[in-house]
Amino acid sequence: FLPDVVDIIFLDTKFDDGDGVEVEIDFGPLGNTPLGVLCKDGIYRAGKIQLLLDKPYSEPDATLAIRMPKENPFYSGDGEHLTKFTGLIMLNREDDKNVSLSTKELVAANGTGDNDVRAELEISKNNDLLGLLNSELEFDGWLEIEGARSKVLIEVIEPLLKKYIHSCAKYVVDGELDIELSNSASHIEVDFDPFEDQACDNEIEVTINGKSIIETY
């Protein structure tokens, strides 16, 4: 999914020195609009991420740390508005098809200010293909976003499904969310497959206090 202009820098390539392998991915500067570089999944990215893998990924309990340091943050978005990320995401390989995700001091900064992001997710692979391309992944768990004035809790009530082919990778094609807002008594649910066809589109059904509408995201 990375275009040729993205630099992949191997900082440490050996596991036998006891400190894992380390890779830096450099998407380049923000630049002018559209901001960042367009990746093959339709998302614009800029800045850097550092990847540290403590043991070969094929081994159980292998842990991949994704670092986004404050001095070299990572950006992601639609080319016009990019969110800045700093902090740490941890991926732990539980077995051949399941990975757990957690966060540490992860901050997302956009036009509304800094938001603390906390998450506990379980990621399951639905096939035996090597790598991400052409794979299907399901996501379960919760995500909490807390800003200066409000907090949002997002819980998965039906696993979210993503299909990692180029034309579909940026969409969630199935699954349901329950959303709680700290400054609202409304009950919100989101259905990513309102027409039950797992279409690769951005149409969702949003239900607020029992009333449903079709929206795009």
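Phenylalanine 27 is buried, at a relative accessible area of 7% (buried means under 20%, exposed over 50% and partly exposed in between, with a 1.4 Å probe and protein chains only). The model is a predicted one, where local features need pLDDT of at least 70, side-chain atom pairs count only at pLDDT 80 or more, and totals for chains, interfaces and linings use all residues. Residues are numbered from 1 along each chain as its sequence is written, and side-chain values use heavy atoms, leaving out hydrogens and water.

Now for the rings: there are three aromatic pairs in the structure (rings of Phe, Tyr and Trp, the last by its six-membered ring, pair if their centres lie within 6.5 Å; planes under 30 degrees apart are stacked, over 60 edge-to-face, the rest tilted). Phenylalanine 27 and phenylalanine 74 have ring centres 5.6 Å apart and planes at 50°, so this pair is tilted. Phenylalanine 74 is buried too, at 10% relative accessibility. Ring pairs join Phe27, Phe74 and Phe85 into a cluster.

Cysteine 168 is buried at 0% relative accessibility, whereas cysteine 200 is partly exposed at 35%. Cysteine 39 is in no disulfide; the nearest cysteine sulfur, on cysteine 168, is 17 Å away.

Terms used. A disulfide is a pair of cysteine sulfur atoms within 2.5 Å.
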